[in-house]
Structure formats: C-alpha cells, structure tokens
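Visitor: I have a model open and would like to go through its architecture with you. Could we begin with the strands and then move on to the helices?

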Amino acid sequence: MMITDEDCLAETLAFNKEFEAAAATRPAREGAPDATMLATLRRNRLGGDTPPVRLPQGQDRVISGGVKVRAFVPDRVDGVYLHIHGGGWAFGSADGQDERLWRLAEQARLAVISVEYRLAPEHPFPAGPDDCEAAARWLVERAAAEFGTQRLLIGGESAGAHLSVMTLLRLRDRHGITSAFRAAHLLFGPYDLSMTPSQRSFGSRRLLSNTETLRRTYELFTPGMGAEQRRSPEVSPLFADLTGLPPARIVVGAEDPLLDDSLFLAGRWQAAGSPVQLSVVAGAMHGFTLFPLTVTEREMQREQDFLSIAGR
C-alpha cells in the first residue's frame with residue numbers, strides 16, 4: 001500500500017471542512033429520492049449544481065443489445081478503455097464528464113467508451129451490470145474492427161468501479177473470457193454491499209457519502225435484499241473468487257467510508273495471484289476527483305500514466 005499526497009494534506013482537509021460546512025446548511029435527504037429530486041440530481045454534474053459540459057468529440061452510439069455508449073476516439077488509438085461512471089447506480093451518465101474523458105483519450109491514446117447503463121430505482125440490479133457486461137462483450141468481439149486494437153482496459157469511479165469488477169467476473173464466469181481486458185483502474189469503489197467496517201463506522205459526516213447514504217443507495221440498487229443476500233458474489237465482488245483477473249490499480253481516499261472496501265479488495269486481488277497497485281490518498285474524501293484539488297490533478301495524471309502503459 002502506498003499513502004500518497006501527504007504534502008497536500010492541509011489543502012485536502014481544509015476542502016473537506018468547507019464541503020462539510022456547506023452540506024450542513026442544506027436539509028438532509030430522508031428516504032429514497034422522489035422523481036423530482038432524481039431528475040435534478042441526474043441533470044447536474046455529479047458533485048455539482050450545474051449540468052455537465054457536453055463536448056462535440058463525444059459520439060453517442062447504440063451497440064448490440066440496445067446498450068447506449070458514448071465514444072471518444074482520438075486520431076491515434078493504442079487501446080480501448082471501457083469506462084463505467086459512478087453515481088450510486090442511480091445517478092451519473094456517460095456524458096457527465098466529457099472533458100475528463102476526452103483529455104484521457106487524447107493523452108493516453110485510447111478510444112474511451114463510456115457506458116450509459118440503466119439506473120436504479122427504475123432499473124435495479126441486475127440491469128446495470130447486464131448493460132456493462134453487454135458493452136464489454138461487444139468490445140471483445142468488435143474492438144479490432146472498430147478501433148484497430150485488441151488492447152482492452154476497464155475501470156470507473158465509485159459504483160463504476162464496482163460494476164467494472166462485476167463485469168470482469170461475469171466475462172470469466174459466464175463466457176470463459178479471462179484475458180481480453182488487460183488491466184483495471186478502480187477508483188473508490190464499494191465492493192461489499194453488506195457494508196465493511198469502515199462503511200458502518202463512518203457515521204453521519206456529510207462528506208459526499210456516509211453510512212446512511214450508502215445504506216439507502218444499496219436499498220435502491222438491490223431492493224428487497226438483506227445484508228446476507230448482498231454478500232452474494234453476484235452482488236458484492238469482495239466475496240467472489242478473484243482468480244484470473246487482470247492487473248489492477250485501486251485508489252481510495254483516507255477519509256472515504258469505502259476505505260476498507262479498497263484495502264480488502266486489494267488484498268484479495270493480490271492473494272488470487274494478480275498484480276495490484278493500491279494507493280490511499282491522504283485526507284481525501286469519497287469522490288474527491290470531482291473537485292478542483294491538487295490531489296485531483298495528480299490522480300488524473302496517475303490514472304493516465306497507468307492506462308497509457310497497462311497491458312502493452
């Protein structure tokens with residue numbers, strides 16, 4: 001494990017304090033969001049109050065199975081990155097971070113394919129994982145013809161990191177595909193939906209995510225399931241057999257309620273025989289890459305560096 005960015009700790013903690021103070025001035029959400037709240041949250045950029053910027057470089061497509069994706073294809077393509085966005089399986093969109101994905105596409109020379117998977121609560125588990133699996137299978141079959149390369153990578157943030165691992169496991173278990181995706185990049189994901197100790201003990205601090213918001217999110221995504229059912233490897237990849245998965249880079253903030261999820265997954269990933277890099281960002285909260293921080297710029301550069309060379 002590597003603890004990074006301790007030289008930025010003062011800035012990072014000051015931002016957390018400011019974020020928490022601002023959150024305290026807004027009424028806490030109780031229960032599941034209604035249709036109006038869902039529409040507002042989905043319209044705006046994750047972590048913000050304004051709609052995201054849509055770039056002309058993004059191309060909306062419909063692939064096999066009717067799954068929608070947003071593609072960013074630079075002039076030179078050395079690989080394809082299947083990106084799965086975050087948002088608690090209920091928010092976020094494939095066009096929610098065009099600027100970041102286009103920058104990654106250009107600088108890492110990757111065709112970036114972001115999945116517009118179906119969202120809960122209208123489409124609970126397993127709809128989202130089904131769409132991500134379909135997109136991954138399409139790339140396995142079509143990447144060479146579409147993009148001129150078979151070097152495939154996968155990753156995402158938060159719920160997208162969870163869906164990335166689930167996609168790799170489904171490819172292996174349902175289709176016998178174990179080596180098509182050559183690396184995984186996993187940012188602050190939830191890997192135990194029955195709740196790890198850090199999730200349970202985080203409490204009510206309003207740092208984008210906390211114990212209660214996570215619990216409500218899991219209820220939206222997996223309605224009717226109890227904790228024991230959520231421990232199924234079909235739902236929580238921390239309980240799955242992780243053999244045969246590609247090298248991974250796993251990142252989490254030290255002030256994230258999902259800290260244990262990344263620590264535990266990294267340990268199991270390595271124990272299953274696959275290389276893993278684990279980075280804990282000093283002082284960072286859940287979703288820190290959504291905000292204009294020094295650690296965000298550094299993490300974006302590290303992600304780009306990893307994806308530029310992974311699987312070559």
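Visitor: Is strand 7 mostly enclosed or open?
Guide: Six of the seven residues of strand 7 (residues 181–187) are buried, so this strand is largely enclosed by the rest of the structure. Buried means under 20% relative accessible area, exposed over 50%, and partly exposed in between, with a 1.4 Å probe and protein chains only. Helices (H or I, at least four residues) and strands (E, at least two) are DSSP runs, numbered from the N terminus.

Visitor: What kind of model is this, and how are residues numbered?
Guide: This is a predicted model, in which local features need pLDDT of at least 70 and side-chain atom pairs count only at pLDDT 80 or more, while totals for chains, interfaces and linings use all residues. Residues are numbered from 1 along each chain as its sequence is written, and side-chain values use heavy atoms, with hydrogens and water left out.

Visitor: Which strands pair with strand 7?
Guide: Strand 6 (residues 152–157) runs parallel to strand 7 and is joined to it by six bridges; Gly155 has His185 of strand 7 as its bridge partner. Strand 8 (residues 248–255) also pairs with strand 7 in the parallel sense, over four bridges, and there Ala184 stands opposite Ala248. Two strands pair if DSSP finds at least two bridges between them.

Visitor: And the whole sheet, what is the strand order?
Guide: Nine strands form an open sheet with mixed pairing, in the order 1-9-8-7-6-4-5-3-2. Strand 1 (2–4) and strand 2 (58–62) are the edge strands, each pairing on one side only. From one strand to the next the twist averages 20°.

Visitor: Where does helix 5 pack?
Guide: Helix 5 packs on the sheet, where it touches strand 4, strand 6 and strand 7, and its direction makes about 145° with that of strand 6. Axes are lines fitted to C-alpha atoms, for helices over the stretch in contact, and angles run from 0 to 180 degrees between N-to-C directions. Contact means heavy atoms within 4.5 Å.

Visitor: How do helix 4 and helix 5 meet?
Guide: Helix 4 (residues 127–147) packs against helix 5 (residues 159–175) at an angle of about 65°, with their axes 9 Å apart. The two helices are therefore roughly perpendicular, a term for angles of 65 to 115 degrees, whereas under 35 counts as roughly parallel, over 145 as roughly antiparallel and the rest as oblique. Among the residues making the contact are Gly128 and Ala136 of helix 4 and Leu163 and Leu171 of helix 5.

Visitor: Changing topic, where is Trp269?
Guide: Trp269 is found in helix 9 (residues 259–271). At 0% relative accessibility, Trp269 counts as buried.

Visitor: What is Trp269 in contact with?
Guide: Leaving aside neighbours within four places in sequence, the contacts of Trp269 include Val165, Leu168, Leu186, Ala248 and Val276.

Visitor: Lastly, which residues of helix 3 are buried?
Guide: In helix 3 (residues 98–108), the buried residues are Asp98, Arg100, Leu101, Trp102, Leu104, Ala105 and Ala108. Just after helix 3, Arg109 takes a positive phi of about 55°.

Note on methods:
A crossover is right-handed if, with the strands pointing away from the viewer, the path from the first strand over the helix to the second runs clockwise.
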